[in-house]
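Have the sequence and the 3D view ready. We will walk from one hairpin into the core, then step back to the whole protein.

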Amino acid sequence: MSEAARSLLQRWGASFRKGTDFDSWGQLVEATDEYQILARHLQKEAQSHPNNSEFTEDQKSTQSQEEFKLEDLKKLEPILKNIFTYNKEFPFDVQPVPPRRILAPGEEEDLEYEEDEEEGGAGAGSPDTFSARVPGMAPSCNHVLHHSSNQGANEGTLLPQLPSEPGMTLLTIKIEKIGLKDAGQCIDPYITVSVKDLNGIDLTPVQDTPVASRKEDTYIHFCVDIEIQRHIEKLTKGAAIFFEFKHYKPKKRFTSTKCFAFMEMDEIKPGPIVIELYKKPTDFKRKKLQLLTKKPLYLHLHQTLHKE
């Protein structure tokens with residue numbers, strides 16, 4: 001076995017043990033995060049070498065089901081240690097999972113009814129739903145845990161800053177965090193950023209952030225810079241910058257928009273800004289806006305203006 005393969009197995013083994021430790025302690029959200037990270041690592045490795053891989057075709061298949069018992073999962077550890085050479089029967093039954101679907105804004109409204117954000121679900125800060133990933137850590141962008149942002153679920157489509165032009169202003173928006181009642185329950189959360197005119201037409205390329213860097217209490221932390229892809233002076237009157245919060249729903253097997261926020265041109269100014277969250281579907285024309293919640297939960301941003 002090559003040194004690279006041996007290193008991979010060591011990392012995968014550590015990730016697996018971390019997940020089962022969380023599982024045995026009853027920290028199910030953290031355990032799920034670790035299992036998903038490991039699954040994405042394995043899938044990425046298998047798919048990156050489709051014609052020349054140390055995996056067999058059977059080992060490449062993406063298999064899962066809604067729930068596994070912890071004692072069943074622990075049976076996988078010896079398989080993981082020998083995955084490049086393991087050819088025996090899988091130790092328990094699994095069922096194929098169809099690929100994820102990412103729906104267009106509003107498309108999920110035609111599917112199964114979802115609880116109203118004000119009424120449904122337990123609070124994310126309760127012990128039953130979420131334990132802080134790093135107890136005592138302040139919610140600062142200076143202390144980010146990159147537990148999934150580069151793991152393949154969504155590596156983002158962020159674009160670099162435009163070249164400067166004399167007399168023209170560029171805008172960098174740091175997405176710091178979003179406050180949600182059920183923050184700890186959101187799987188693979190990310191934000192889609194777009195700039196629209198009054199008719200909802202894109203004025204710049206749409207960008208996706210990587211998956212969030214950290215979840216803590218009622219906040220999901222991103223701490224990522226978005227470079228707006230047009231000089232401020234060149235944006236049309238009435239334009240707005242939209243932020244759509246998206247997350248994966250395993251039971252429905254699709255990535256859905258949970259809520260959105262937007263910032264209008266008169267709100268572009270250096271420094272921090274906190275903006276309200278609205279219920280889906282995303283209303284790019286800003287005609288029928290409905291607040292997501294009466295609770296003090298917002299999208300927290302920080303703006304930096306660059307002018308030559």
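In the hairpin of β9 and β10, four residues lie between the strands, and Arg253 takes a positive phi near 60°. This is a predicted model: local features need pLDDT of at least 70, side-chain atom pairs count only at pLDDT 80 or more, and totals for chains, interfaces and linings use all residues. Residues are numbered from 1 along each chain as its sequence is written, and side-chain values use heavy atoms, leaving out hydrogens and water.

β9 and β10 run antiparallel and pair over 10 bridges. Strands here are DSSP E runs of at least two residues, numbered from the N terminus; two of them pair if DSSP finds at least two bridges between them. Lys246 has Thr257 of β10 as its bridge partner. β10 also pairs with β12 (residues 278-279), antiparallel, through two bridges. There, Phe260 is the bridge partner of Tyr278.

Is β10 buried or exposed? Of its 11 residues, 10 are buried, so β10 is largely enclosed by the rest of the structure. Buried means under 20% relative accessible area, with a 1.4 Å probe and protein chains only.

Now turn to the largest nonpolar core, which has 33 residues. Such a core is a set of buried Ala, Val, Leu, Ile, Met, Phe, Trp, Tyr and Cys residues joined through side-chain atoms within 4.5 Å. Ile175, Leu180, Ile241, Phe243 and Leu299 touch the most other members. Strands that each supply at least two of its residues include β4 (169-179), β9 (240-249) and β10 (254-264).

Finally, step back. Of the 308 residues in the protein, 45% are buried.

Definitions and conventions: Buried means under 20% relative accessible area, exposed over 50%, partly exposed in between (1.4 Å probe, protein chains only).
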